[in-house]
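Subject: Structure handover

Hello,

Here is the structure I promised you. Please load it first, then read the notes below it.

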Amino acid sequence: MSFWIHAASARRPDRIAVEGPERRLTYAELAAAVTAKARVLAADGVAAGDRYPLPFEDPCEYVVTLHACVGLGAAVVPIDLRLSAAERAARAVAGRVVFPGTVAVLHTSGTTSAPKPVELSAANFLASALGSAVALGLDLDERWLCPMPLTHVGGLSIPIRSVIYGTTGVLHGRFDTEAVLAELMNHERRITIVSLVPTMLARLLDAGLQRPPTLRWALLGGGPIAPALLARAEAAGVPVAPTYGMTEACSQIATFGWPLPGVDVTLSAAEEIFVRGPIVSPGSVDDDGWLHTGDLGELDDLDRLRIIGRKADTIVTGGENVAPAEVEAALLEHPDVVDAGVFARPDPEWGEAIVATIVARPGASPTADALGEFVGARLARFKVPKAFEFATELPRTASGKLLRRQLADVGAARP
């Protein structure tokens with residue numbers, strides 16, 4: 001990690017390395033700041049093999065401390081300050097640095113179970129950066145905008161990749177629709193790539209995002225992507241690169257459906273996605289040598305991967321298996337639906353009944369009957385929700401993933 005900084009500093013000392021809302025650092029300045037910070041941390045007793053809790057505040061200082069820790073051989077444990085005191089304390093002590101060269105102990109999103117620690121090494125981040133460069137191409141004047149939390153792998157990977165490439169990471173650290181829209185539509189800001197989740201892209205399109213002048217790709221991941229959203233983006237002239245990834249695989253696994261170079265993807269007999277390769281955390285590999293993702297997928301005749309949904313989310317209704325993500329995608333095609341989440345409710349007749357929680361477009365009042373007919377025209381009848389509930393917003397993680405377990409608590413039937 002420290003080699004990457006010093007190599008970039010030697011090649012491009014005056015190039016902006018990291019740019020936050022308040023300040024920015026050239027590679028020469030970043031290298032100097034990292035060296036100085038490492039001395040301070042070492043004096044405080046931080047040493048090789050330690051776990052160092054790293055709270056997110058200022059993006060530039062966060063990146064400096066990250067690289068200083070890793071230069072000392074310590075792994076950072078990113079801490080989101082929006083968590084409760086108990087949650088922050090639990091994350092600060094979670095995880096064991098077992099594997100040499102571990103950079104960070106990150107936590108999974110916790111959408112289907114409690115967040116678990118994942119150890120990611122320098123080799124994982126390097127393989128991910130190189131694979132991403134092949135998948136998306138690399139502009140030496142790249143300015144990669146990251147409005148994602150830097151406490152999650154999708155956000156943290158951006159400043160690390162940028163240092164490997166010797167390019168610029170533009171770090172917001174949180175998503176603000178108007179701020180991101182202004183960045184993308186301002187030619188002078190020269191944003192070439194932006195990382196987004198589907199809800200972020202939808203809000204940007206609603207706010208008027210259209211033909212961003214310097215954007216090469218909007219890397220879109222973090223959850224199921226509705227075809228209707230891709231169609232909206234295409235109509236608005238927004239170049240989208242759909243991606244599939246997870247914390248245990250250091251962010252990206254496949255982009256445009258194709259696995260990154262050096263990454264193997266296969267499906268189990270139950271259609272669960274298995275992954276192996278240099279991007280996979282050593283501690284996440286099962287006894288058979290594969291990462292069992294818990295996601296369901298299918299491969300087309302060109303071996304491109306399509307995500308069906310989470311194995312743990314599968315609803316069994318009347319003996320039929322239903323992927324909630326498929327029903328959500330159909331609902332999101334409805335012009336009056338802004339957001340949709342699908343979950344199961346115990347039912348004496350069906351075993352599990354499909355329930356959809358809907359966020360309607362402002363001023364619209366879609367009825368349950370109309371929504372049911374809409375889904376029934378696109379999917380098998382057994383996939384149509386038995387009930388529709390309505391909410392002002394859906395529960396999501398800081399990185400935009402749907403908290404399906406909380407859906408039953410947020411919706412209400414419309415009178």
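Strand E16 is joined to strand E17 (residues 305–310) by 5 bridges, and the two run antiparallel. Strands here are DSSP runs of at least two residues (E), helices are runs of at least four (H or I), and both are numbered from the N terminus. Two strands pair if DSSP finds at least two bridges between them.

Some ground rules. This is a predicted model: local features need pLDDT of at least 70, side-chain atom pairs count only at pLDDT 80 or more, and totals for chains, interfaces and linings use all residues. Residues are numbered from 1 along each chain as its sequence is written, and side-chain values use heavy atoms, with hydrogens and water left out.

Back to E16 and E17. Glutamate 298 has arginine 306 in E17 as its bridge partner. The two strands form a hairpin with 5 residues between them. Aspartate 303, in the turn, has a positive phi of about 65°.

Leucine 267 is bridged to isoleucine 273 in E15.

Together these 4 strands form an open antiparallel sheet, ordered E14-E15-E16-E17. E14 (264–267) and E17 are the edges, each with a single partner strand, so one side of each has no neighbour in the sheet.

The other sheet is open too, with 9 strands and mixed pairing. Its order is E2-E1-E8-E7-E9-E10-E11-E12-E13. The edge strands are E2 (24–26) and E13 (258–259). E1 (residues 16–19) and E8 (residues 168–171) run parallel, joined by 2 bridges. Valine 18 has glycine 169 in E8 as its bridge partner.

Now the packing. The largest nonpolar core has 77 residues. Such a core is a set of buried Ala, Val, Leu, Ile, Met, Phe, Trp, Tyr and Cys residues joined through side-chain atoms within 4.5 Å. Buried means under 20% relative accessible area (1.4 Å probe, protein chains only). Leu30, Leu184, Leu201 and Val238 have the most contacts inside this core. Helix H3 (residues 59–71) gives the most to it, with 8 residues. Apart from it lies another core of 17 residues, including Ile315 and Val375.

What does valine 238 contact, leaving aside its neighbours within four places in sequence? Leu201, Leu205, Leu209, Pro212, Leu215, Ala218 and Ala233. Contact means heavy atoms within 4.5 Å.

Best wishes

Terms used. Buried < 20%, exposed > 50% of the residue type's maximum accessible area, 1.4 Å probe, protein only.
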